[in-house]
Amino acid sequence: MIQHIGILTSGGDSPGLNAAIRGVGKAALGFYDMQVIGIRDGFRGLVENRTMQLDGAVLSGILTRGGTILGTSREKPHRMHFNGKRQDMTDVIMENYQAHHLDALVCIGGGGTQKNALQLMEKGLNVITLPKTIDNDVAHTDTTFGFDTALGIATDAIDRLHSTAHSHHRIIVVEIMGHRAGWLALGSGVAGGADVILLPEIPYDIENVAEAIRRRAVGGMPFSIVAVAEGALPKGEAERVHALREEKLKASDKRVRKQVKAELAALEADHANHTVALSRQLEALTGLESRVTILGYLQRGGTPSAADRLLATRLGTACADLIADGVFGVMVAARGELAVPVPLVDVAGFKKLVPADHPWVVSAKRVGTSFGDA
Ligand code: F6P
């Protein structure tokens with residue numbers, strides 16, 4: 001009989017996390033008469049044994065709250081920061097899992113969490129995960145909770161940025177989150193009517209972007225909104241990053257691997273400077289003033305949208321159903337109106353990226369949006 005379950009949230013916070021905790025917790029407590037504990041701050045809380053009892057009172061009123069009542073971290077069980085160095089804390093996690101007499105561990109997170117959960121599964125824990133991230137880049141699920149809310153925030157921002165763009169006849173470059181995936185920039189760019197959308201998956205030529213903006217100006221619209229995903233890169237740099245990622249995968253020598261990772265991290269972390277440089281280049285190439293807005297953590301803030309609450313609740317309750325049926329080693333994926341268990345081995349380590357011919361890209365091009373690729 002499954003009696004005791006633990007829930008943790010890991011990776012970047014996102015709207016809908018508390019709705020998911022509530023969905024799993026209320027179903028487990030009320031429908032299946034299980035005991036539920038919350039583990040604080042991701043996998044670190046499992047190592048440090050920092051937990052809280054999740055009962056009806058704690059779960060009440062959290063559906064609409066942003067963030068996570070449990071706290072989160074990006075800590076990895078096998079490489080956790082302790083005493084100034086990264087250590088493998090998996091064995092301590094196993095001990096604490098048993099000390100709490102857990103029958104199941106629910107890990108709510110994005111791509112990194114899926115990988116960490118798989119490793120714990122391979123060590124023998126009964127693990128089951130839920131797909132959370134505003135990036136929408138988790139493989140084998142239609143969508144992730146957090147994405148719809150962030151989509152609405154970014155779209156609203158683009159709507160608002162149109163005011164200053166057409167009033168001052170300016171280019172407004174708005175940087176949108178998404179890590180290495182362009183879903184958020186693509187979706188909000190289409191919904192917000194951006195004139196240019198730049199994605200990590202479609203490396204761009206700055207000349208093509210400038211030409212699209214100049215064409216608009218000649219056509220009587222001397223302003224443009226450029227929605228740029230934080231991972232978007234011009235063609236040359238994109239090729240360099242791709243080569244480095246390939247090299248990192250193949251590098252056997254530790255020193256080489258460390259060098260490659262450092263160069264990659266510098267290139268990828270530099271997105272804010274990259275966005276400012278892009279704006280300056282466009283101003284020089286078009287003669288229009290250009291200004292930058294970086295949406296950053298606004299996209300992860302506040303109450304979840306109705307769609308995210310609904311998605312998080314239905315995946316959360318389906319998770320409790322699967323636990324009651326003794327189904328582990330899976331992620332609970334959204335497939336249409338269904339919640340389907342997908343083996344973690346098929347999810348962990350894979351990213352869902354935007355295909356260059358995705359219907360949203362095709363639709364955007366039909367209404368004249370430039371992706372800087374032609
Ligand atoms: O994964 C969600 C996300 O917001 C990404 O879009 C972004 O690149 C990253 O987290 C930021 O990470 P952190 O919260 O650690 O700064």
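Helix packing, pair by pair

A: On the α1 side, A19, A20, R22, G23, V24, A27 and A28 meet R309, A312, T313, G316, T317, C319 and A320 of α12, contact being heavy atoms within 4.5 Å. The model is predicted, so local features need pLDDT of at least 70 and side-chain atom pairs pLDDT 80 or more, whereas totals for chains, interfaces and linings use all residues. Residues are numbered from 1 along each chain as its sequence is written, and side-chain values use heavy atoms, without hydrogens and water.

Helix α1 spans residues 17-31 and helix α12 residues 306-324; helices are DSSP runs of H or I with at least four residues, numbered from the N terminus. The axes of α1 and α12 lie 7 Å apart, and the two helices pack at an angle of about 35 degrees (axes are fitted to C-alpha atoms over the stretch in contact; angles run from 0 to 180 degrees between N-to-C directions). The crossing of α1 with α12 is right-handed, that is, the near helix is turned clockwise from the far one by less than a right angle. Eight nonpolar, four polar and two charged residues make up the contact of α1 with α12 (charged: Asp, Glu, Lys, Arg; nonpolar: Ala, Val, Leu, Ile, Met, Phe, Trp, Tyr, Cys, Pro; polar: the others, Gly among them).

The next pair is α6 with α7. Helix α6 covers residues 147-168 and helix α7 residues 183-192; their axes come within 8 Å and cross at roughly 45 degrees. From α6, the contact draws on F147, A150, L151, A154, T155, I158, D159 and H162. Facing them in α7 are W183, L184, G187, S188, G189, A191 and G192. By class, the residues of the contact of α6 with α7 comprise eight nonpolar, six polar and one charged.

The last pair is α8 with α11. Helix α11 runs over residues 271-286, and α8 packs with α11 at an angle of about 55 degrees, the axes being 10 Å apart. This angle makes α8 oblique to α11. As α8 passes α11, the crossing is right-handed. The residues of α8 in this contact are I206, E207, V209, A210, I213 and R214. Those of α11 are L278, Q281, L282, L285 and T286. The contact of α8 with α11 divides into seven nonpolar, two polar and two charged residues.

Definitions and conventions
Angles under 35 degrees count as roughly parallel, over 145 as roughly antiparallel, 65 to 115 as roughly perpendicular and the rest as oblique.
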